[in-house]
Amino acid sequence: MAHIALATAGIVLPPLLKVFFERMASHEFNDFFRERKLSDKLLRKLKIALLTVNAVLEDAEDRQFTEASVKDWLDELKGTLYDIEDILDEIATKDFRRTITSKVRHSISASHFVNKIEGEINVAFEILEDLAKQIGVLGLRAGVGGQPLERLPTTSFVEESGIFGRHQDEEAIIKSLFSNEASGSEIGVIVIVGMGGIGKTTLAQLVYNDNRVKEHFDLKAWVCVSDPFDVFMVMKTIIEEIGLSTNADSTNLNHLQINLKKMLTGKRFLFVLDDVWDKNNAKWEVLSNALKSGIQGSRVIVTTRDQDVARVVHASATHHIIELPKEDCWSLFAKFAFHDGHPDAYPKLEAIGRQIVEKCKGLPLAIKAIGSLLWSKLDVDEWDNVFRSELWDLSVEETSILPALKLSYKYLSSLLKRCFAYCSIFPKDYTFKKDKLVLLWMAEGLLPQPKNKTMEEVGDDYFLALVSRSLFQRSSRNKYIMHDLVSDLAKFISKQFALSLEDDYSHDVRSRTRHFSYYCEKVHLMNFKTFHEAKRLRTILELNFFRNGLFIRRGVQFLLPMRRCLRVLILCYHADIAKLPDSIGKLIHLRYLDLSYTGIERLPDSLCKLCNLQILNLSHCRFLAALPRDTHKLINLRHLNFAETCIKEMPTNLGKLKCLQTLTKFIVGKIDSGSSIGELQTLTNLRGSLSIFGLQNVECSADAKDKNMRDMKYLVELVLEWKLGTNASESHIIVLDSLQPHSNLKSLTINQYGGKSFPNWVGHASFSNIASLRLEYCKFCCSLPPLGQLPSLQDLSIVGLDGVVTIGREFYGSGSSSIKPFVALKFVRFEKMLKWEEWFSFDAENEGGAFPNLRELKIYRCPNFAYFLKGGFRAPNLKDFRVIDCGRLPSLPDKMHILLPSLEKLYIEDCPKVESFPEGGLPSNLNEISISNCDKLFARRTGWGLQKLLCVRRFSIGDKSEDVEFFPDEGLLPASLTYLHIEGFPNLKSLDKKGLQHLTTLAELEIEWCPKLECMPEDGLPASLTTVNISFCPLLEKEWDMKREK
């Protein structure tokens, strides 16, 4: 067979297609085709047809926006490429299965397969041949990109009366212009970043024409750059803008550069480079070298849609411009839509107009374009038609919106274009997460597999590239959204191939539909019969996890068996899905299966035939008790999540899944059943979080030997858990020592470990990335590891270490005294330490500063804890300190007012032996105090001295003292309180007026569990009170209800 390599021809084809042709050059693949007698000539003809249409693809991509016939041609081509990709995938799968089974079967079914494939290739070739014949008729040109719609160059002129909502942006940029952040020979470059049509140029014009700016700079120039970035023309324009002539015929860049440097020497200048796309470092260096002769304070403003431009130009400040506020949007629209800018005389038009403005979602370009379209039109029906139409239905000349966004699309790479177009599957205003979208891209074959990166890492890069171009915008901490007009663009490109069931009317699935998403509550609108048309559906994506089983019941039973091209099947949150049909094994293209939060009870064995499956999400399937026996046959599986399931045993040979990157947990089986821990040795690509349970089943040293995890350098979080026995176990020490992870680890949890001590690696300084550490219920350990040596440790939790009596120097580490322990620690929790009695300081004088950054310290349920660090607990940044249920503790740390100067919250509860606050009182910055069931401390309340604490806003008090009938005592509480909580006084009869009357800022009073409390003081409650909550005080509640009724 002839060598065929489309990759070298520059074909813009799906990555799987490239892989296929590369594989065709191999000996194994040639044999596969020769055995099946597939026509060499047919494949060569297919290649030529693909090369022909590919040559004009870029021109067609550009012209689809303005020529419907070209759009139809391009859609036909895309549909055919989808079909070819499915054919190639099927061939590759057949070959792959043959390889792993090492069997060659000559049968009727094999012959049928060859005939089927050859027939499908013939159909695809005929379509491609027909498309190639249309190239001349459509005037499509090879080797050129379509010319962008003519765009007039921008100028510095601005009509300020037509600008709304940009004053704060203007002031922020002017502040950056006048700042001193750029110094020396560096040019201060301020980059304005935002999506097309957001108003970057307008903002730059406002700044450029501000009187303060005019007075501050000696020279000013405005250059409309666009694409490409022509350094020669930029320099020439700057020279002409500052009032000097150039030789119009000159092409000498060096001559221009020298002249420009001379002109700028000793001058403070401001240049605006508007609409920059090019990210060529070399071009920027040529220009910036000429600009360095200007004096300090010179500035360049760059406007761009691409955040990466800021990096290329070494921006000293980057300003992201966002959508206009709602009322400013309306003001802008009114100026363009109404003859005199005042809509008051047209209330019906104003009502519709405000709805139109909402659809523009704060984009000035869209607002101006549609406002201009409606200029002086007073017919209500015309306005209503615009409101109800899709923006892409308006012609390009009328709106100028598509050209603005078209440019953003045009300058994407071919691979990015496919990833962006796939997002048309999301409805407008749908928020999505990066990680999930990347997995969808991967499953659809949109991500290449380079040698030095994973596909997931490539997807991350692509995602960030779309964010930097403002096509994706952050909507919350970890979610993103597409502006409606960006969504419109994606849907325009993929209209024939993606369908999202989102509107209140019926949709018909087209024969070309490849991707389908839906909201469950809308699914009753779908005409299921039309699904017969979508025989090559690739994606079924549920969007909002609304618990409605209608579509799922019908879909799983009726639709799935016929959708053999499916690559993505997401069916989450459906409790009524108890099983999958055996026919799931026929979905040979399936890459992504998500059944999380369903009622699935078992997975069919046929699932293991899905050798292309990459993602299997079974999390929170609480009825699922086992994975299929042959799970190890899913050798392309990359992500396996079965957290929060009832699975207690792993299938054997899981170590064969060498592509695995996500394995949420691994359960070590007993010697005669399940998986041994040795299976993990080959899974070196695991990353993220891994929990290993059942480590008590690793019983002998031979089983544990060489099972360390130091090769898993991508793991971030590791949980190691045993099932604790009644006696300490030496084997646990051997096992834990052998499980030493890679030093890249950031979080470690060790649970129910049965050794008497920890191996040396736990707490070793080489684990410089560990930020979170939890030691839980290791009840035979008598001492803590040297955790103070971990330089990045921020969160430490020690629970249930019953054998620890003292915490001493071993806790801090035995290194040099010049190395401070726990330098990064912020949160510490000790809990259920049943034998713990004393906590020693880092050094004798407690001057070592062991906890310089500690923010929270919590000691819970340690019944024998009796002694804090000698000389007091020094933590200058501690804000939250809680001691709860420590029955033997006689006192709080000494010198709290000095050693804990930042303390804001203090909770002391169920500590009956604490008698008083330390000498010197409490820290002055306290704003919240809670004291509960501390009998001796409460008995000496007159000595608390809370009146000195001027910052306390919240105070909670509870006690079981039977002799308290009136509370609070006069002068007990600080006058600064805004919240007071009283709880658990068994004989309290009335609140004391004298103890409340000075609380002039008290806003909220809460009283609970005071069964004998029957009245409030007459006229004794502070006038500032706005909220009173009474619970489990039956007498008072009755009296209080009667008062409120009156």
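**View 1. A salt bridge joins the side chains of E85 and R538 in this predicted model.** The nitrogen-to-oxygen distance of this pair is 2.8 Å, where a salt bridge is taken as a side-chain nitrogen of Lys or Arg within 4 Å of a carboxyl oxygen of Asp or Glu. E85 belongs to helix α5 (residues 68–101), whereas R538 sits in the loop between β9 (515–518) and β10 (539–542), so that the pair links distant parts of the chain, 453 residues apart. Helices (H or I, at least four residues) and strands (E, at least two) are DSSP runs, numbered from the N terminus. Both E85 and R538 are buried; buried means under 20% relative accessible area, exposed means over 50%, and partly exposed lies in between, computed with a 1.4 Å probe on protein chains only. As the model is predicted, local features need pLDDT of at least 70 and side-chain atom pairs count only at pLDDT 80 or more, while totals for chains, interfaces and linings use all residues. Residues are numbered from 1 along each chain as its sequence is written, and side-chain values use heavy atoms, with hydrogens and water left out.

**View 2. R538 also forms a salt bridge with D86.** The closest N and O atoms of D86 and R538 are 3.1 Å apart. Because D86 lies in helix α5 and R538 in the loop between β9 and β10, this pair ties together parts that are 452 residues apart in sequence. Both D86 and R538 are buried.

**View 3. The loop between β9 and β10 contributes R536 to a salt bridge with E120.** The side chains of R536 and E120 meet at 3.8 Å, N to O. E120 is in helix α6 (residues 108–138), and the two residues, 416 residues apart, again link distant parts of the chain. R536 is partly exposed, with a relative accessible area of 22%. The structure as a whole holds 41 salt bridges.

**View 4. Helix α14 (residues 326–337) packs with helix α16 (residues 364–373).** Two packed helices are described by the angle between their axes and the distance between the axes. For α14 and α16 the angle is about 30° and the axes are 7 Å apart, which makes α14 roughly parallel to α16. Axes are lines fitted to C-alpha atoms, for helices over the stretch in contact, and angles run from 0 to 180 degrees between N-to-C directions; angles under 35 degrees count as roughly parallel, over 145 as roughly antiparallel, 65 to 115 as roughly perpendicular and the rest as oblique. The crossing of α14 and α16 is right-handed, a crossing being right-handed if the near helix is turned clockwise from the far one by less than a right angle, and left-handed if anticlockwise. On the α14 side the contact (heavy atoms within 4.5 Å) involves C329, L332, F333, F336 and A337, which meet P364, I367, K368, I370, G371 and S372 in α16. These contact residues divide into eight nonpolar, two polar and one charged, with Ala, Val, Leu, Ile, Met, Phe, Trp, Tyr, Cys and Pro counted as nonpolar, Asp, Glu, Lys and Arg as charged, and the others, Gly among them, as polar.

**View 5. Helix α14 also crosses helix α15 (residues 347–360).** The axes of α14 and α15 come within 10 Å and cross at roughly 120°, which makes α14 oblique to α15. This crossing is right-handed. K326, E327, C329, W330 and F333 of α14 make the contact with E350, G353, R354, I356, V357 and E358 of α15. The residues of this contact divide into five nonpolar, one polar and five charged.

**View 6. K832 and D885 each have a positive phi without being glycine.** Phi of K832 is about 55°, and this residue lies in the loop between β23 (827–831) and β24 (838–839). K832 is partly exposed, with a relative accessible area of 33%. Phi of D885 is near 60°, and D885 is found in the loop between β26 (880–884) and α28 (896–899). At 35% relative accessibility, D885 counts as partly exposed.

**View 7. A cis peptide bond leads from F967 to P968.** The omega angle of this bond is near 0°. P968 lies in the loop between β30 (966–967) and β31 (979–983).
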